[in-house]
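Hi there,

Here is the structure I promised to pass on to you. Have a look at it first, and then read my notes below with the model open beside you.

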2 protein chains.
Amino acid sequence: MPVTIQDVAREAGVSVSTVSRAFTVPDLVKDETRQHVLHTAERLGYRPNRAARGLITGKTGNFGVIVPDLSNPFFPTVLKGVQARAREADYAVFLADCDENATEEIALVQAMAKQVDGVILCSSRMSPSQLERVVGTTSLVFINRQVRDHPAVLMGAAGGMRQAIDHLAALGHRRVAFLNGPKASWSNRERRRGLRHSARYDMEIVELGPFAPRFEGGPHAADLAIAEGVTAIIAFNDLLALGVMSRLADRGVSVPEEMSVVGFDDIPMAGMATPPLTTVAMQNERAGRAAVDLLVNLLTVSGAEAGDLRRELDCQLIVRASTGVPARS
Amino acid sequence: MPVTIQDVAREAGVSVSTVSRAFTVPDLVKDETRQHVLHTAERLGYRPNRAARGLITGKTGNFGVIVPDLSNPFFPTVLKGVQARAREADYAVFLADCDENATEEIALVQAMAKQVDGVILCSSRMSPSQLERVVGTTSLVFINRQVRDHPAVLMGAAGGMRQAIDHLAALGHRRVAFLNGPKASWSNRERRRGLRHSARYDMEIVELGPFAPRFEGGPHAADLAIAEGVTAIIAFNDLLALGVMSRLADRGVSVPEEMSVVGFDDIPMAGMATPPLTTVAMQNERAGRAAVDLLVNLLTVSGAEAGDLRRELDCQLIVRASTGVPARS
DNA sequence: GTGAAAGCGCTAACAT
DNA sequence: ATGTTAGCGCTTTCAC
């Protein structure tokens, strides 16, 4: 029932090779013939079967993306960028959600491998040894994870973290909590690194956690932070920050008058809908696009010298409301 | 470089047909042989090439999902359900974002068609005539869209809307605004329908919009609603509601003391992080799973009699905080 | 119960 | 510039 290349060839009165060439190497067929073939194909509603094509070329025109958890709004924003860029580059994308489970993640890469030219691993939860096992299965590009010299898009936290610290310091905060995210998370290490790098003699940092990077992790984290007597909280991400704020409200601690809260990630909605939450905006969508660029480049280029394999994106503090209230200290 | 069925056959000392059978029709090969083959395959790390298989069977083991906008947090939650159920049924999923653009949507369906066994169209933005054009391209299952007798998962709004209306009435509200979403949206029609169906003699409904179902649409909507002198606002969805609340805060109108706000969709974060927002929770994840069930059923069953083609999910009002403040009226 | 061979839709040599 | 042929990795008759 589907229209094949044979059908088009027969209808157009040429050989299949000519039809094939009209699509893949247009320059090799006479202008007039090509027009005719293309027109016939259009009329018949022919669309090349990429799977069949891939069988012989070894290229599928697809790639995969694996994210830890779709219900974490951070990932859809990255995906949005991936999607947009993928279509521009004429790639179709397989999506999978590994549910924060490294074993699942491996299985998914392997399941996808044969149907894709490469896979983008978003905030991979795999251990280094697990990672080694999948490397080589297919072309890999990482987002927010550094694996030896593999291509990666890294969303740095140094700039945003420094801004956050300076901001809080300027408001008079002297004792601040940092709520750790997942310990296997590169982003968490990166944020801690930024934190240490921005250390100030006049500010004490209390590290808490790790906590699940979700709303549900917030309440407990808030209780611990309050018990520590801090006047400001820097949460691993917005979701956690939101959970924290919810608990603070329940306990009658007002933000930002009594407690300043800072979150990471760019979930514009979070900060906009909850103005006292100050956030460090990440360039999620751009990261998604960059990852596709890297992958396409990797697959296109001769291979040996693949140009820059690493893309670093920075981030920026966004103060939406009156976090500008000095700590009572 | 990849391990093929040939490699396994050679290594196991059997023919390719036997290997193939060991995987697809295990009963047809002797127990002992099968064990040996499967073991060898495992050892070599062989994974059948689904594309090649699909070429001959006509089934790819993949399906596609198209959503209007990944940055609308409603869709990722549905996707989460789709993903979970897809993996259980051993399907891989193609994802595409049509950017609220019907023309894109058509193109995406056609582009996917050859690589999938079916497509799930989530809140399709296509016009009826556009829809007719893609029907027949591949098996289609709709979410929140009714197209003749095509399989669909419908998230009804009647129950939730009635609860919302009764709730607001009980609080003493007599003049309530409904902020319309996209006019091509089935969900919007469904919600309006629920609204009319729940009409009360003691309550006046002011319809406004349509507005984009996004945070950005809220501020303007809020201004119009205030100008209309309503004491409560029912927004098409949570995103819009959040935008409304943001504007209300800017204008010094406190929620819920001076204005009650109700949103739709299940973006748990929205209501949890912003307690004065009352929401009607939809069963997004379940809808995603149901859609996959429908599709799998459609592809598996003999075809003629495909069982139930429609799944209706209901919704429920969630009052998280003190919306329980009577209108001053 | 197992093997040999044909062929799915397509592209890439190799002719012409 | 175009046609012919041989497969890509797999399933599926058809023999044995």
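**Salt bridges**

R34(A) and D31(A) are joined by a salt bridge, with their closest N and O atoms 2.9 Å apart. Both residues sit in helix α3 (residues 31-44) of chain A, and they are three residues apart, about one turn of the helix. Please keep in mind as you read that this is a predicted model. Over all chains, the structure holds 52 salt bridges, and eight salt bridges are counted between chain A and chain B.

You will find D99(A) in the loop between β2 and α6 of chain A.

**Where the two chains meet**

How many residues does the contact take from each chain? It takes 41 residues from chain A and 41 residues from chain B. The size of an interface is often given as the accessible area lost when the parts come together. Here, the area buried between chain A and chain B is about 3800 Å². Carbon and sulfur atoms give 63% of that area. Which three residues supply more than any other three of the area that chain A buries against chain B? They are K80(A), K114(A) and M269(A), with 19%.

There are also 16 residue pairs in polar contact between chain A and chain B, counting pairs with both residues at pLDDT 80 or more. On the side of chain A that touches chain B, the elements giving two or more residues are α4 (50-57), α5, β2 (92-97), α6 (102-113), α11 (238-250) and α12 of chain A. Of these, β2(A) gives the most, with six residues. Sorted by class, this side of chain A has 23 nonpolar, eight polar and 10 charged residues.

Next, please turn to the second largest pocket, which has a volume of about 850 Å³. It is lined by 42 residues, and the closest to its centre are P73(A), I267(A), P73(B), I267(B) and M269(B). The elements that each give two or more residues to this lining are α5 (74-88), α12 (268-273) and α13 (284-300) of chain A, together with α5 (74-88), α12 (268-273) and α13 (284-300) of chain B. By class, the lining of the second largest pocket has 21 nonpolar, nine polar and 12 charged residues.

**Cavities inside**

How many cavities of 30 Å³ or more does the structure hold? There are three.

The largest cavity contains about 130 Å³ of space. It has 16 lining residues, and those nearest its centre are F74(B), F75(B), S123(B), S187(B) and F236(B). The elements that give two or more residues to this lining are α5 and α9 (186-197) of chain B, and α9(B) gives the most, with three residues. The lining of the largest cavity is made up of six nonpolar, seven polar and three charged residues.

The second largest cavity has a volume of about 110 Å³. Its lining has 13 residues, with F74(A), F75(A), S123(A), R125(A) and F236(A) nearest its centre. Helices α5 and α9 (186-197) of chain A each supply at least two residues of this lining. By class, the lining of the second largest cavity has four nonpolar, six polar and three charged residues.

**Backbone details to look up**

Where is the peptide bond cis in chain A? One such bond runs from V255(A) to P256(A), with omega near 5°. P256(A) is in the loop between α11 and β9 (260-264) of chain A. In chain B, the peptide bond from V255(B) to P256(B) is cis, with omega near 0°. P256(B) is in the loop between α11 (238-250) and β9 (260-264) of chain B.

Finally, look at R148(A), where phi is near 40°, a positive value in a residue other than glycine. R148(A) is in the loop between β4 (139-143) and β5 (152-155) of chain A.

Enjoy exploring, and write back with any questions.

Best wishes

How values were computed:
Residues numbered from 1 in each chain as written. Chains lettered and ligands numbered in written order. Predicted model: local features only at pLDDT ≥ 70, side-chain atom pairs only at ≥ 80, totals over all residues. Heavy atoms only, no water. 1 Å grid on protein atoms, 1.4 Å probe; cavity = no way out; pocket = protein on both sides within 12 Å on 5 of 7 lines; lining within 4 Å. Points joined across faces, edges and corners; volume = space filled by probe spheres on them. Helix = DSSP H or I, 4+ residues; strand = E, 2+ residues; numbered from the N terminus. Nonpolar A, V, L, I, M, F, W, Y, C, P; charged D, E, K, R; others polar. Contact = heavy atoms within 4.5 Å. Buried area = accessible area lost by both parts, 1.4 Å probe. Salt bridge = Lys/Arg side-chain N within 4 Å of Asp/Glu carboxyl O. Polar contact = N/O pair within 3.5 Å; in protein donor to acceptor, adjacent residues only side chain to side chain.
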